[in-house]
There are 2 protein chains.
Amino acid sequence: MALLVGRHVNRIDRKGRVSVPKPFRDVFQGQGFVGLYAYPSFKYPAIEAMGEDFMARLVAAIDDLPLYSEERDDLSAIVENTHRLPCDTEGRVVLPPELLDHAGITGEALFAGRGGALQIWDPATYARDREPAFERARARGVTLRLPPQQPRPVPPGGTPDSTGEG
Amino acid sequence: MALLVGRHVNRIDRKGRVSVPKPFRDVFQGQGFVGLYAYPSFKYPAIEAMGEDFMARLVAAIDDLPLYSEERDDLSAIVENTHRLPCDTEGRVVLPPELLDHAGITGEALFAGRGGALQIWDPATYARDREPAFERARARGVTLRLPPQQPRPVPPGGTPDSTGEG
DNA sequence: ACTAATCCCATTGACTCCCATCATTTCCCA
DNA sequence: TGGGAAATGATGGGAGTCAATGGGATTAGT
């Protein structure tokens, strides 16, 4: 799986469009749908966003729960609050007002890669709420046990190149 | 699996017709029948609706239950109360009075995508009964362990496009 | 013949495509 | 290694397209 990493700040134009950073777009190219699935974050004044592959995993997890169960209904609330935002030919999406309001985003949007998914923040809010997390992690001396190395699957008929997913 | 996500509110005209939101219609295009299977929810004042694929799964699940069991009888009632609603050439369906009454729908219908299936609500009822579910999920700090990443099946001779499952 | 359902066409407003501009970054060559 | 040219990603805006909607006309059913 290609990885979503780093931060990018892009401008929102008067039509409400904002460019999805090219490195992120490239990740979604390999998926059935080029665009974002986005919903308001539970934990932060931010937008949670992901590609179709990740969203499909989320839906699959919900699908495993019994029909009509309380748990399934609660989690379905996420899906009901999710917006499907296709990229235009220029690689831009339109963030709906509901999401903008939740995140307090006005003129600019900060895209923060989180590996498999990403978040979208108001830059000022991010600086206030999120950047301290890095310092916190450093101060606490965070440790992490990694899963074992997986053998790289050989792409059918293709040779690996140096740039990644070309 | 194609995903049904997000909410859409559409008007019901004086003939009782309402447009099925285009993103949902697109999902059903890939299935044998373009339209809805719909029955009254027994948990909510709402209509449960789905495409042919999901309905087939539901029937298969009921089929697995022991013949003459109480459970099978109960769930079969769902099937007996299900309406098959084809889309017209404009992508609209006519919701029968029985379903409208159950959901208290009059002028507008709210379509809520829930992954594999969807619900249809009266907008005001939804705001009162359903929107709190999102807040509840947030308050409970819902967490969800996702199933492992599945390898993406290679579409036969097809290249991914930007519009999704058109 | 009357009722009801479906098809077909027109309207409208939002959305998306396309094109132009700009700011960088990358590449190439001296 | 500096400068300039070409390529690329981000941005802005005009116009054509499409989804939603309304209503008349046609067909089916009783």
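Chain B can be laid on chain A with an RMSD of 0.8 Å, by a turn of 34° and a shift of 5.3 Å along the axis. This is a predicted model. Only 14% of the interface residues of chain B are also interface residues in chain A, so the copies meet through different surfaces.

**Where the two chains meet**

- In this interface, 43 residues of chain B are in contact with 43 residues of chain A.
- The two chains bury about 3700 Å² between them, and 55% of that is on carbon and sulfur atoms.
- Seven salt bridges are counted between chain B and chain A.
- One salt bridge joins A:E70 and B:K43, with the closest N and O atoms 3.6 Å apart.
- Between the chains, 13 residue pairs are in polar contact.
- On chain B, the elements that give two or more residues to the side touching chain A are β1 (4-11), α2 (52-63), β7 (108-115) and α6 (131-139).
- Of these, α6(B) gives the most, with five residues.
- That side of chain B has 21 nonpolar, nine polar and 13 charged residues.

**Around DNA strand C**

- Both chains supply residues around DNA strand C, including A:D88, A:T89, B:K15 and B:E90.
- Sugar and phosphate make up 27% of the atoms of DNA strand C that come within 4 Å of the protein.

**Contacts with the bases of DNA strand C**

- A polar side-chain atom of A:K15 lies 3.4 Å from a base oxygen.
- An N or O atom in the side chain of A:R17 is 3.2 Å from a base nitrogen.
- For B:R17, a polar side-chain atom lies 3.1 Å from a base nitrogen.

Key: Residues numbered from 1 in each chain as written. Chains lettered and ligands numbered in written order. Predicted model: local features only at pLDDT ≥ 70, side-chain atom pairs only at ≥ 80, totals over all residues. Heavy atoms only, no water. Least-squares fit on C-alpha atoms with pLDDT ≥ 70 in both. Contact = heavy atoms within 4.5 Å. Near = heavy atom within 4 Å. Polar contact = N/O pair within 3.5 Å; in protein donor to acceptor, adjacent residues only side chain to side chain. Buried area = accessible area lost by both parts, 1.4 Å probe. Salt bridge = Lys/Arg side-chain N within 4 Å of Asp/Glu carboxyl O. Helix = DSSP H or I, 4+ residues; strand = E, 2+ residues; numbered from the N terminus. Nonpolar A, V, L, I, M, F, W, Y, C, P; charged D, E, K, R; others polar.
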